Amino acid sequence: MRKLGKVHLVGAGPGDPDLLTVKAARLLSEADAVAYDRLVSDAVMKMVPSRAERVFVGKESGCHHCSQDRINTILLELARRHRTIVRLKGGDPFVFGRGGEEAEYLGRHGVEVVVTPGITSAAACGAATGVPLTHRGLATGVRFVTGHAKADAPLDLNWASLADPDTTLVIYMGLATLPQTSAQLIAHGLPAETPVLAVQNGTTPKERRLLTTLSEAPDALTAACFRPPTLLVIGRVAALADAPTLIAEAEALALSEAAPAFRSVVAGHA
Ligand code: SAH
């Protein structure tokens, strides 16, 4: 039987190709096949050599073709046909990237897996907006939390432990569940005026950012039409962001009526 190829689980970083690691760039240049998803930017995909096979394995809701099981099978198939396979994942493959599941599955099927870390969006969006996530005197720690909830189920998080004013919370995939997050954190004691920074498409030409507060965030981000991929940074450090602010809810409502003009203000902020 033909020897199986090696699968590299590679972090593609947040989008800006300058934020790839040198190793990721080298592996891309050597790849026979590249499997990628929606979070991998076009600019990074431009670095894939034209001779390499490209396989899109993006998950869209309701698309079973790209369930995690299907992705695992596709990677195994690629390992049967190629020598060097790169599985590119947005940010870091082991931060909410399901890289662990892919590595486990491939390992069980005798495929050698090597993991190359990437710059996770928390680090990238913090840097891009001037927010040191653990700024001395403002935060003694940072927690990376998923805001993803299973179809219509409430978000099952330990709110009492998360509502800590000394810890920066970075919420991945948190836009849809932001109303719950905001209400629960306030109910568990985090001040309503705690700063919240939202960054959409951080480090790409489509980047948008908005600074708001915990109580106002759900309405403000809806009014400003934020969409995934958006990262939320909740905590005192967020106030340091170089980002436009919505101070009053009234202002947010007025702006939602003037949505097109507002969107251009947000989008135009470099
Ligand atoms: N492995 C990735 C995270 C995958 S989960 C990483 O390490 O960054 C997907 C979530 O990541 C998105 O919903 C969003 O919250 C965040 N995200 C990924 N890329 C982003 C970007 N360029 N800007 C803002 N948020 C991003």
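Residues are numbered from 1 along each chain as its sequence is written, and side-chain values use heavy atoms, with hydrogens and water left out. Because the model is predicted, local features need pLDDT of at least 70 and side-chain atom pairs count only at pLDDT 80 or more, whereas totals for chains, interfaces and linings use all residues.

Helix α3 (residues 68-81) packs against helix α4 (residues 99-108) at an angle of about 50°, and their axes are 10 Å apart; helices here are DSSP runs of H or I with at least four residues, strands are E runs of at least two, and both are numbered from the N terminus. The two helices are therefore oblique to each other, a word for angles that are not under 35 degrees (roughly parallel), over 145 (roughly antiparallel) or 65 to 115 (roughly perpendicular). On the α3 side the contact, meaning heavy atoms within 4.5 Å, is made by Q68, I71, N72, T73, L75 and L76, and on the α4 side by E101, E102, Y105 and L106. Sorted by class, this contact has 5 nonpolar, 3 polar and 2 charged residues.

Turning to the rings, there are 3 aromatic pairs, where rings of Phe, Tyr and Trp (its six-membered ring) pair if their centres lie within 6.5 Å. Ring pairs join F96, F144 and Y172 in a cluster. The charged end of R208 sits over the ring of F226, 4.4 Å from the ring centre; this requires CZ of Arg, or NZ of Lys, within 6 Å of the centre and within 35 degrees of the ring normal.

Two backbone features remain. The peptide bond from P228 to P229 is cis, with omega near 0°, and P229 lies in the loop between α8 (217-223) and β10 (230-234). N201, in the loop between β8 (195-200) and β9 (208-213), has a positive phi near 50°.

Terms used:
Axes fitted to C-alpha atoms, helices over the stretch in contact; angles between N-to-C directions. Nonpolar A, V, L, I, M, F, W, Y, C, P; charged D, E, K, R; others polar. Phe/Tyr/Trp six-rings, centres within 6.5 Å; stacked < 30°, edge-to-face > 60°.
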